[in-house]
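Visitor: I have a model open and want to learn how to read it. Where do we start?

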Amino acid sequence: MGVKTAQLKLPIAPYSVTGYKFGQRIRSRMILIARHLGDDILTQPGTEVACAGDGRVVWAEMRLGSEQKKNWGGIVIIEHTHKDTGALFYSVYGHLYNLAVQDGAEVRMGDKIGEVAPGASPENGFWKLAHLHFGLYIGPWSGMVLPGWLRPFEGRTKLSWWQDPKPFVESYGKERT
Ligand SMILES: [Zn+2]
């Protein structure tokens, strides 16, 4: 059984998308190579990251990066049940260290799940700047770690399975019936 969440909140304050934005197109020589599947919030290492809603941890892992191979670093994925529709959706948090949750744990909105890892560290996945990657996924869950990028022809995910995180969180629970 899923864990219904009555409310959602943004996982970090202030929430200013100073890195890649949701859906942002990455091109090389005019060719679309990827679209970003979340928001990147550049912030100080050690900044606390909170769970966006009540739910259950379905992924908590250190995917260490290196100079040669960038990665997620600390990644947490939380499954939530929509309060009105009962549909499952997922919040995705990347580039963390000091993970504070484990696979299978039930969490409440606002619980600490980890901290933003320092830039160019294995725990941040070896990206240059310390940042939180935050994504919201409404597609089918296949028990695999979710991607942070949509790459054409890769076929791993669909853009329609992803939501623009800030408007999704801010409108959740505000719909009139
Ligand atoms: Zn990102």
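**Fold and core**

Guide: Along the sequence, the pattern runs β-β-β-β-β-β-β-β-β-β-β-β-β-α. That is 13 strands and one helix, where helices (H or I, at least four residues) and strands (E, at least two) are DSSP runs numbered from the N terminus. The model is predicted: local features need pLDDT of at least 70, side-chain atom pairs count only at pLDDT 80 or more, and totals for chains, interfaces and linings use all residues. Residues are numbered from 1 along each chain as its sequence is written.

Visitor: How many residues does the largest nonpolar core have?

Guide: First, the general idea: in soluble globular proteins, nonpolar side chains tend to be buried together. A nonpolar core is a set of buried Ala, Val, Leu, Ile, Met, Phe, Trp, Tyr and Cys residues joined through C-beta atoms within 7 Å. Buried means 20 or more other C-beta atoms within 10 Å of the residue's own, with C-beta atoms placed from the backbone. Here the largest core has 35 residues, and V49, V76 and Y93 have the most contacts inside it.

Visitor: Which elements give two or more residues to this core?

Guide: They are β5 (48-50), β6 (55-63), β7 (73-82), β8 (88-97), β10 (112-116) and β11 (131-137). β8 gives the most, with five residues.

Visitor: What is Y93 in contact with?

Guide: Contact means C-beta atoms, placed from the backbone, within 7 Å. Leaving aside neighbours within four places in sequence, Y93 touches P11, V49, I75, V76, I113, L132 and F134.

Visitor: What share of the protein is buried?

Guide: Buried residues make up 38% of the 177.

Note on methods. A residue is buried if 20 or more other C-beta atoms lie within 10 Å of its own, exposed if 12 or fewer, and partly exposed in between; C-beta atoms are placed from the backbone. Two residues are in contact if their C-beta atoms, placed from the backbone, lie within 7 Å.
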